[in-house]
Amino acid sequence: MKSEMNVRNGVEIVSAQDFPWREVEVPASFELRFPQRWIAQPVQNRYAAAIERETLAWLRSYGIGKSRDEAEKLRKFNCGMYGGYSLPTANYQTALLVTQFISLWLFWDDAQVEEGDDFCVEAVLEALTGAAEPHAPSRYLAAWADIGWRLRRTQSAAWLGRLESTMREWLENAKLETRLAQAFKRGAACPDFATLFDCRTISIGMFPTFHLIEFTEGIELDESFHQHKTVVALKRLASRLVGLGNDLGGLAKDINNRWLNLVLVLMEQSSMMIEDAFQRVVDIHNADVEEFDLLALELASWGGETDAFVCGWVRAVRHNVFGFTLWESTAERYQEYKAVVGKKALIAPIALAPAHINPLAQAHKKTGRDELGQ
């Protein structure tokens, strides 16, 4: 079978259909390693299929996903996998609302945010928080307003304020990253690796997601918890991990689109072979997993019931990070193409102990889960 591919600087971009016919290897050193405590049982939420159906219907009710192109984009998102892997133990209603939130967010980011930085931060926040009537109503603002209305039915003003603050940070950062990415796409020099990594740590969207995790857990942790230095460090590491998984899983997509990617920036900045840059990003990921677990052991005691809530939140964050990483390594959005260098595939399989998940098979493998070591 003839391979459909593009060749850029020695990197072949091969379609997923043709990839199985290629004689390539994935080095064991490319594995993303997670201890068992990061993996829920089952790995995917049992309501995933129903959540996907209802999420797509909800988006269509706001005019999102009705056209052939938009429906195809949403199909490649694999919304049931997106929410199902990242919220494996959530009940149906909370998992549905959060899946609708993050699916709307991802679609809107692709369709509007990454196309330019002229969107109005205040209009989005007003739609989400209900603080005022949104300016220049659109299908996106209408959907955000519905999400906000539903969250305000159950969440405190303090929780909503923290969500608004982190969404504002994401929106402002998105403008910066869009400018950097569009300049890079036009042929400008790539930004500094550390600058992009800091930017990606916010743009990946985990800081608002930490509050959505509280929502799915049925808890609210106050400002003293979120500002505690160990919690701040844990959130930063979790955000880095999801961003690293995104760029490793989406390398071929980003090469195709000439979009900023940590692997590509590290390669250009450090004059490395792309496979060496890929390995370095994998190594950073695995070191961050270990650092997260060590820091989790240092969490202070808040006493009584709060400690149980904190334990549940840390466990849910681990499951969420692992779930997003699994989604990034399996969803067609990222895996429509593969990057190959010679006989080596630039793929980062997820390594479990003792089993392995093949990112190409999209298999749902049940694994055990250690108790949270805190």
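Good morning, colleagues. Before I continue, please bear in mind that the structure above is a predicted model.

Let me stay with strand 4 for a moment. On one side of the discussion is strand 2, residues 11-15, which pairs with strand 4 in the antiparallel sense over four bridges. Within that pairing, Glu 12 has Val 340 of strand 4 as its bridge partner. Strand 4 also pairs with strand 5, residues 344-345, again in the antiparallel sense, here over two bridges.

I turn now to the chain as a whole. The protein chain has 16 helices and seven strands. It comprises 374 residues, and buried residues make up 56% of them. Among contacts with a separation of 6 or more, 79% are between residues 24 or more positions apart. The accessible surface of the chain comes to about 16000 Å², and carbon and sulfur atoms account for 50% of that area.

The largest nonpolar core holds 115 residues, and the members that touch the most others are Phe 101, Trp 144, Ile 274 and Trp 313. Helix 4, residues 92-111, supplies the largest share of this core, with 12 residues. Another core, of five residues, lies apart from it; Val 14, Phe 19, Ala 345 and Ile 347 are among its members.

Which residues does Trp 144 contact, once its neighbours within four places in sequence are left aside? The list reads Phe 101, Leu 104, Trp 105, Trp 108, Val 124, Ala 127, Leu 128 and Met 167. Phe 101 in that list is, like Trp 144, among the core members with the most contacts to other members.

Let me take two further buried positions. Glu 126 belongs to helix 5, residues 121-129. Its relative accessibility is 16%, so Glu 126 counts as buried. Glu 126 and Leu 141 are 15 residues apart along the chain, and their C-alpha atoms are separated by 8.8 Å.

Ile 219 sits in the loop between helix 9 (206-217) and helix 10 (223-226). Ile 219 counts as buried because its relative accessibility is 8%. Setting aside neighbours within four places, Ile 219 is in contact with Glu 214, Phe 309 and Trp 313. Ile 219 and Val 310 lie 91 residues apart in sequence, yet the C-alpha to C-alpha distance is 9.2 Å.

A charged residue deserves a separate remark. Glu 328 is placed in helix 15, residues 304-328. Glu 328 is buried but has no salt bridge, and the nearest side chain of opposite charge, that of Arg 333, is 8.1 Å away. Not counting residues up to four places away in sequence, Glu 328 touches Val 242, Gly 245, Asn 246, Gly 249, Tyr 334 and Gln 335.

The peptide bond from Gln 41 to Pro 42 is cis, with omega near 0°. Pro 42 is found in the loop between strand 3 (32-33) and helix 1 (48-61).

Two residues other than glycine have a positive phi: about 55° for Asn 78, and near 55° for Ser 271. Are these two residues buried or exposed? Asn 78 has a relative accessible area of 18% and is therefore buried, whereas Ser 271, at 68% relative accessibility, counts as exposed. Asn 78 is located in the loop between helix 2 (68-77) and helix 3 (79-86). Ser 271 is located in the loop between helix 13 (262-270) and helix 14 (274-296).

To close, I return to the opening strand: strand 4 pairs with strand 2 over four bridges and with strand 5 over two. Thank you for your attention.

Note on methods:
Residues numbered from 1 in each chain as written. Predicted model: local features only at pLDDT ≥ 70, side-chain atom pairs only at ≥ 80, totals over all residues. Heavy atoms only, no water. Buried < 20%, exposed > 50% of the residue type's maximum accessible area, 1.4 Å probe, protein only. Contact = heavy atoms within 4.5 Å. Pairing = 2+ DSSP bridges. Areas by Shrake-Rupley, 256 points an atom, 1.4 Å probe, with all protein chains shown as cover. Lys, Arg positive; Asp, Glu negative; His and termini not counted. Salt bridge = Lys/Arg side-chain N within 4 Å of Asp/Glu carboxyl O. Core = buried A, V, L, I, M, F, W, Y, C linked by side-chain atoms within 4.5 Å.
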